[in-house]
Amino acid sequence: MVRGLAPAPALRGRTAAAARWCTCRRVAVAVCLGNLAAALLVARALYAPGTFASATKREEAKYSREQVRWVEESIRIRRAAEPAELIEAVKKLRKAFAREEKRRKELPLELKQKVSREILQRLRDLGENRNTTEQREAMESWRVEKLKYIRSSSTQNLSNFGLSSDESRMLKRALDFNWRMLLEDIGLWIPTTVYHIEHDDKPENEQEEEEIVPGPPLPPECNAELHTDYGGTAVRWGLTHHKENAADCCQACIDQAKRAKPGALKCNIWVYCPSEFGCYSPDKYEHKHQECWLKQADHPKLNFKDRYSEPYRDSHPTAPVVVPWMSGVISA
């Protein structure tokens with residue numbers, strides 16, 4: 001009897017647990033259903049047709065009739081200002097290019113190689129040390145001969161030559177209309193010859209125009225020489241000694257020689273930079289406009305005169321053609 005009543009508490013515990021689990025599940029399901037319903041209501045409110053219509057009406061209400069008229073007028077003016085003729089011409093060009101691209105068929109690789117070998121052989125036969133004009137004439141001669149052969153030959157002769165009817169038509173069109181494109185395809189390019197001829201149309205008896213030197217005229221004792229650079233021992237460095245013009249530079253040399261103490265170097269050479277862009281020198285310094293160098297030499301010697309020689313410019317790439325300095329040796 002006791003054995004039969006013993007399981008009763010355990011049974012009651014399981015029943016109570018099942019009841020609690022069912023209650024939690026119902027609550028969770030109810031919450032999920034509530035969230036789903038809320039989401040559907042929000043979606044309906046956002047995407048309902050009436051919402052967009054009302055928003056559009058509100059937006060339209062922001063613009064007056066006068067503003068709408070201005071917008072329409074600006075659209076009309078912009079359309080009227082469009083370059084209709086240019087646009088139409090561009091469309092026609094695009095259509096023409098598209099047709100040409102369709103017509104242009106790629107030559108087979110073997111045919112390109114054959115054309116390339118024949119042209120190279122023609123250039124080799126021409127010989128070395130030929131100018132570009134002669135090379136172009138040789139290539140043009142080959143093109144004319146090949147076109148003439150294709151036009152006059154029958155299908156049998158072309159097949160003996162190694163060309164099918166389709167390939168002969170493609171090659172004929174390439175030689176006739178797309179010659180430059182064919183040269184580009186085979187990688188052959190010859191630069192254009194540029195001829196430079198200097199015409200001397202100056203009358204024989206006309207004197208050379210005298211170059212103008214800024215500043216007052218130089219005294220005769222300055223013995224000024226344009227495009228000249230004399231050497232000598234520096235009495236005053238021009239890097240820190242600038243003068244407004246060549247006359248002042250020459251006068252500075254004369255004054256230094258007068259004021260020099262016994263045994264000191266006396267200036268007898270002046271070198272001036274008249275160029276606004278500075279003056280070239282082979283040393284490491286950057287020589288600027290209005291530099292005035294005072295020098296001394298018992299036997300003055302020229303460093304450079306008129307132009308720098310080609311061998312010198314080959315070894316000094318930054319050297320200009322014309323000597324930019326001007327200088328002179330003071331008369332005793």
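Guide: The following account begins with the chain as a whole and then turns to its charged side chains and some loop residues.

This is a predicted model, in which local features need pLDDT of at least 70 and side-chain atom pairs count only at pLDDT 80 or more, whereas totals for chains, interfaces and linings use all residues. Residues are numbered from 1 along each chain as its sequence is written, and side-chain values use heavy atoms, with hydrogens and water left out.

The secondary structure comprises 12 helices and 7 strands; these are DSSP runs numbered from the N terminus, a helix being H or I over at least four residues and a strand being E over at least two. Of the 332 residues in the chain, 23% are buried. In these terms, buried means under 20% relative accessible area, exposed means over 50%, and partly exposed lies in between (1.4 Å probe, protein chains only). The chain exposes about 25500 Å², and carbon and sulfur atoms supply 56% of that area. Such areas come from the Shrake-Rupley method with a 1.4 Å probe, and for residues only the protein chains shown count as cover. Among contacts between residues at least 6 apart in sequence, 72% join residues at least 24 apart, where contact means heavy atoms within 4.5 Å.

The charged pairs come next. Side chains of opposite charge can pair when their charged atoms come close. A salt bridge is defined as a side-chain nitrogen of Lys or Arg within 4 Å of a carboxyl oxygen of Asp or Glu, and a search of the whole structure finds 7 of them.

Arg-69 pairs with Glu-66, and their closest N and O atoms are 2.4 Å apart. Both residues belong to helix α4 (residues 65-81), where they stand 3 residues apart, about one turn of the helix. Arg-69 counts as partly exposed because its relative accessibility is 43%. Glu-66 is also partly exposed, at 36%.

Another salt bridge joins Glu-118 and Lys-146, with 3.0 Å from N to O. Glu-118 is in helix α6 (residues 109-126) and Lys-146 is in helix α7 (residues 132-152), so this pair ties together parts that are 28 residues apart in sequence. Glu-118 has a relative accessible area of 21% and is therefore partly exposed, while Lys-146, with 11%, is buried.

Glu-145 and Arg-122 also meet in a salt bridge, at 2.9 Å from N to O. Here Glu-145 lies in helix α7 and Arg-122 in helix α6, so the pair ties together parts that are 23 residues apart in sequence. Glu-145 is partly exposed at 44% relative accessibility, and Arg-122 is partly exposed at 24%.

Helix α7 also holds Arg-151. Not counting residues up to four places away in sequence, Arg-151 touches Lys-172 and Asp-176. Between Arg-151 and Lys-172, which are 21 residues apart along the chain, the C-alpha separation is 8.1 Å.

Charge also gathers on the surface. Lys-91, Lys-92, Arg-94, Lys-95 and Arg-99 form a patch of positive charge there. A patch is made of residues with over 30% relative accessible area and no salt bridge, like charges being joined within 9 Å and nonpolar side chains (Val, Leu, Ile, Met, Phe, Trp, Tyr) within 5 Å. Lys and Arg count as positive and Asp and Glu as negative, whereas His and the chain ends are not counted. The place of a charge is taken as NZ of Lys, CZ of Arg, CG of Asp or CD of Glu.

Two loops complete the account. Asp-306 sits in the loop between β6 (302-305) and α12 (310-315). Its phi is near 65°, a positive value in a residue other than glycine, and Asp-306 is partly exposed at 41% relative accessibility.

The loop between β4 (269-272) and β5 (292-296) contains His-289, and Gln-290 lies in that loop too. His-289 is partly exposed, with a relative accessible area of 27%, whereas Gln-290 is buried, with 19%. Gln-290 has a positive phi of about 75° although it is not a glycine. Leaving aside neighbours within four places in sequence, the contacts of His-289 include His-242, Cys-273 and Glu-276. The C-alpha atoms of His-289 and Lys-243 are separated by 9.2 Å, and the two residues are 46 residues apart along the chain.
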